[in-house]
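Work through each task with the structure in view before reading its solution.

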Amino acid sequence: MNTRIVVGQGSCGLAAGAGAVYSALEAKLNASIPAELSITGCIGICYLEPIVDVYAPDGKLYRCVQVTPDHADTIVKAAETGDFALLNDIVIKDEDAQFLSKQTRIALRHCGIINPDEIDAYTADDGYQALEKVLKTMSPEDVIEQIKISGLGGRGGAGFPTWFKWNAARQSPGDEKYLICNADEGDPGAFMDRAVIESDPHNLIEGMLIGAYAIGAKEAVVYVRAEYPLAIVRLTNAIKQAEAKGYLGENILGTGFSCKMRIKAGAGAFVCGEETALIESLEGNRGMPRLKPPFPAQAGYWLKPSNINNVETFANIAWIINNGGAAFAAMGTENSKGTKVFAVTGKVKRSGLVEIPMGKTLRDVIFDIAGGIRDGHEFKAVQMGGPSGGCIPAHLLDTIIDYRALGATGAIMGSGGMVVMDETTCMVGIAKFFLEFTTKESCGKCVHCRIGTKRLSEILDRIVKGEGKEGDVELLEELCTTIKDGALCGLGQTAPNPVLTTIRYFRHEYDAHIRDKKCPAKECVALLTYSIDPEKCIGCSLCAKKCPVGAITGELKKTYSIDPNVCIRCGACINSCRKGAVCVE
Amino acid sequence: MCCNHESVDLALLEDVLASYANVKGSLITILQKTQEIYGYIPIDAVYHIAERTGSTPAKVLGVATFYSQFRFQAVGKYLIMICKGTACYVNGAERIIEAVQEELGIGDNQTTADGLFSLSLVSCLGCCSLAPVMMINEDTYGSLTPDKVKKILRDIREKEGK
């Protein structure tokens with residue numbers, strides 16, 4: 001047996017330098033060294049990328065982290081000599097390994113383990129067995145029944161029962177039906193779906209084929225974000241391989257079932273995550289939502305019965321068929337079954353992909369798995385569900401991961417973005433950030449969303465500039481309610497959530513901005529006041545030299561001071577002072 | 001974009017139109033291929049596509065302007081894409097944007113006078129663990145600080161002898 005050297009090449013691994021690591025390893029290896037070099041996708045331990053898995057001939061895994069091209073010599077030497085102790089300095093530490101060992105992986109089960117470019121790697125690990133079982137031994141109704149037993153809910157965010165959508169599309173009259181995968185992962189701060197497509201594309205294809213069989217579709221389309229070029233490359237390759245092996249196309253596995261699959265690259269529009277807008281975009285139009293009903297199950301793509309699910313939803317299907325719906329339903333809570341994948345980012349020590357059973361708490365994810373807040377700061381809030389979601393404060397950290405429990409906080413489960421914030425993040429600022437996003441991404445079809453989000457942004461903008469007025473918070477609340485009630489689609493209906501949750505849990509920050517003209521997080525530049533502590537200042541003049549507008553004056557070896565009327569609050573002084581004498585409030 | 005009347009060789013579109021002009025629902029694909037060919041969507045191409053697909057320039061331009069992927073001006077040699085995702089925002093993306101603007105004197109979707117750099121503020125690049133992040137052409141740069149960004153840009157300038 002040779003040593004296997006496997007370089008993690010997901011998007012973030014490559015961004016961290018995995019490409020150069022691979023090249024360096026390739027250059028050092030030669031025919032006389034008993035080692036094979038290959039790639040895998042993203043294992044989700046993003047904060048330790050680039051990651052190189054070294055499998056010794058006895059099968060033991062040495063997972064090397066934060067590998068640089070300079071480590072290539074050591075890795076190759078270990079493979080050559082069989083002395084894997086050489087890798088000790090770069091092998092993952094126990095506490096970091098727990099990031100993974102504390103997870104339960106279903107949707108991500110192959111990610112970062114198998115080679116996404118080789119169909120044989122997938123079939124060797126039970127791949128396409130669920131499809132074979134379905135086509136040869138189950139009726140479409142049996143499949144829908146298993147999905148019903150599993151309790152799987154749509155992983156795009158709303159958690160709507162998957163079996164119900166499949167059944168509705170199955171029951172819709174007509175021979176021409178479509179199965180669509182929504183891979184337009186647009187929430188800023190979310191990258192679960194990208195990891196699945198880049199790392200385990202065949203799992204998505206298999207799940208989609210089972211769905212197509214269940215609803216009676218002969219054509220399947222994957223709508224992928226244009227910003228995910230690598231995902232498109234890997235999925236294109238996987239589709240070709242599946243066709244060549246007879247898993248896709250005409251008369252699949254000799255069962256008479258036929259289904260073709262193609263990829264449609266999106267062109268950058270957040271609203272296309274909404275299913276009817278996505279259909280408009282597939283048809284080559286501006287991605288503006290349609291009125292519902294009729295629902296896509298009745299009249300979707302080209303007005304034919306269509307079913308749309310998210311990537312992570314499909315990624316669970318093959319596992320459910322192989323293991324039975326009951327096994328999936330055994331995990332989770334009363335109304336949220338199975339596992340959920342989260343992209344945990346922001347101010348945590350360990351950021352990356354976390355898949356855990358429903359019913360775990362936010363604290364489990366953020367503190368136990370992601371290691372809590374870095375740089376000695378304190379947890380302030382976690383933002384879930386992106387621009388449609390909300391901020392959950394510290395006292396609700398024991399909330400369980402469950403559609404209802406999270407909904408009760410005013411946030412949502414969402415597709416899986418979990419951005420953790422510490423005390424240096426201004427909550428009015430974060431609300432403004434999301435509203436600027438939704439204002440820009442509003443398609444403009446309905447007045448409530450188009451103008452409502454714009455007005456919300458304007459009010460938030462004046463608050464962070466210190467121009468907020470008494471009554472602004474009430475005005476925001478009223479406007480939010482109106483937008484929620486009146487907007488046509490999910491984008492508008494949920495756009496007020498970041499504002500409403502920050503008002504609900506961080507009202508004091510709004511009041512501080514409006515009444516005291518202060519930003520408690522010291523983030524809103526217009527509300528900061530810089531001054532020099534005369535006790536600490538040694539009169540070195542460094543700050544005065546750095547000040548771009550000459551706001552700092554004084555005499556050498558005496559105390560300097562800042563003229564607040566001239567100061568532009570750039571922060572150059574605070575960065576230059578070696579005595580910590582510059583204060584900001 | 002109305003002023004952009006540089007004439008382009010429309011014959012380059014022939015292969016794309018031959019494959020897609022008569023396939024319904026292909027307008028976005030045609031526009032994507034057009035941008036691959038020219039680097040942006042020339043206004044002449046909008047009229048040409050409309051004519052060949054039996055559509056109207058208003059419809060073609062309406063679709064093109066709806067999606068953030070499409071540009072209507074040629075971009076500089078180095079396209080800087082700064083991520084405005086949530087994780088980058090929380091980790092100080094605003095300061096990175098300011099640093100680039102200070103260094104180059106251009107705003108979103110603008111190009112420097114020497115044609116070297118274009119700036120584009122984009123939604124999440126999906127490298128959230130490396131936040132704040134920017135991409136320059138194919139290369140990703142993570143864990144940025146304002147000083148780091150300025151150095152990266154200066155190094156490129158130096159390499160280009162400008």
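**Exercise 1.** Determine how helix H3 (residues 43-53) of chain B is oriented against helix H4 (residues 57-66) of chain B.

*Solution.* Step 1: the two axes, lines fitted to C-alpha atoms over the stretch in contact, with angles from 0 to 180 degrees between N-to-C directions, come within 8 Å and cross at roughly 120°. Step 2: H3(B) is therefore oblique to H4(B), the class left after angles under 35 degrees (roughly parallel), over 145 (roughly antiparallel) and 65 to 115 (roughly perpendicular).

The model is predicted; local features need pLDDT of at least 70 and side-chain atom pairs count only at pLDDT 80 or more, whereas totals for chains, interfaces and linings use all residues. Residues are numbered from 1 along each chain as its sequence is written, with chains lettered from A and ligands numbered from 1 in the order in which they are written.

**Exercise 2.** Which residues of H3(B) meet H4(B)?

*Solution.* Val46(B), Tyr47(B), Ile49(B) and Ala50(B) meet Pro57(B), Lys59(B), Val60(B), Leu61(B) and Ala64(B) of H4(B), contact requiring C-beta atoms, placed from the backbone, within 7 Å.

**Exercise 3.** Identify the strands that pair with strand E9 (339-346) of chain A.

*Solution.* Pairing requires at least two DSSP bridges. Step 1: strand E10 (residues 352-357) of chain A pairs with E9(A) in the antiparallel sense over 6 bridges, and Phe342(A) stands opposite Val354(A). Step 2: a hairpin of 5 residues joins E9(A) to E10(A). Step 3: E13(A) pairs with E9(A) in the parallel sense over 4 bridges, Met418(A) being the bridge partner of Val344(A).

Methods. Helices (H or I, at least four residues) and strands (E, at least two) are DSSP runs, numbered from the N terminus. Two residues are in contact if their C-beta atoms, placed from the backbone, lie within 7 Å.
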